[in-house]
Amino acid sequence: MISVIIPVFNREKTIERAVRSVLNQTYSDVEVLVIDDGSTDNTGDVVKHIMDERLTYCALDKNMGACFARNKGITMAKGDYIAFQDSDDEWMENKLETQLKTMLDNQAEISFCQFNRFDSKGHSVLPQIDEGFISRGDLLIESVVSTQTILAKRECFSEILFDPQMPRLQDYDICIRLSGKYNFYFLKSALVNMNVQTDSISTNWEKLYIALDNIFQKYPDIIKRYKQMDFYQTRYLALAKEKTGRDSKKERLHCFLLKPSSRTAKKFLKTLVMKKSRN
């Protein structure tokens, strides 16, 4: 059996679609655990009106965040495998069947797949990487694993859980830790429709800055070991600082020292030249 965990907060208009896309999977041996993270709208009523014995609804006393809700679901899960769905997204009907077969055929411990991203800019298919096992070094370069694409053996979450202190990049953070112990297999097939809402945390630059700052504080040794990870995450941190009105000279200089020929390094040099000419 596969346990599918869906954290939800005030998604009365989208939660039914998300839940039914799991219940309607061609692989039907599932339990769906909807963890209501203190919703104040009609989310609970919508879920309760979905009549399916495979569905369990759990309402938390107060809003604790998606990571806490996912961890609650993990403790409740009874399946041999665990997957995660977001409350505003939709799965293709063959997602679980396809991923499970891929895992069994390749003896994979964790799998993830492509997704269709729909936002104000249009439609894109991500990530664009090669199918197959992905090394830890490549996995850590940047965030390529989205939570709702993950299917993993239950044992992977026996000791490693989501960090409630991460306001963004929760998927990247947990993959840093999981990849130190388990293998990852990427399936190059878009099996999830991701719908980015206007109030999605993935559009919040302040939360991205806090999350990236947390990453650098939590994993200094890992970042030092993987130079590509160091470069790309430092670049993102510089961008997040700039978007939130913070000074990014330290990060831009670090990127320059890591990759003098990169676009980021050239931008840093151009900024220095402009400032010097003005003086």
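A nonpolar core is a set of buried Ala, Val, Leu, Ile, Met, Phe, Trp, Tyr and Cys residues joined through side-chain atoms within 4.5 Å. The exercises below apply this idea to a predicted model.

**Exercise 1.** Find which residues touch the most other members of the largest nonpolar core, and state which elements give two or more residues to this core.

*Solution.* Begin with the core itself, which has 30 residues, and among these Ile 2, Val 19 and Val 32 touch the most other members. Next, look at the elements that supply two or more residues, which are the strands E1, E2, E4, E6 and E10 together with the helices H1 and H4. Of these contributions, the largest share is that of E10, with five residues.

**Exercise 2.** Check whether the span of H4 agrees with its number of residues, and work out how its buried residues are arranged around the axis.

*Solution.* First, take 1.5 Å a residue, for which the twelve residues of H4 should span 16 Å, and compare this with the 17 Å between its end C-alpha atoms, which agrees. Second, list the buried residues of H4, namely Lys 95, Leu 96, Gln 99, Leu 100, Thr 102 and Met 103. Seen down the helix axis, these buried residues fall within an arc of 160°, so they line one face of H4. Third, turn to the other side of H4, where Lys 101, Leu 104 and Asp 105 are exposed. Last, step just past the end of H4, where Gln 107 takes a positive phi of about 55°.

Methods:
Residues numbered from 1 in each chain as written. Predicted model: local features only at pLDDT ≥ 70, side-chain atom pairs only at ≥ 80, totals over all residues. Heavy atoms only, no water. Buried < 20%, exposed > 50% of the residue type's maximum accessible area, 1.4 Å probe, protein only. Helix = DSSP H or I, 4+ residues; strand = E, 2+ residues; numbered from the N terminus. Expected span 1.5 Å × (residues − 1). Arc of directions from axis to C-beta.
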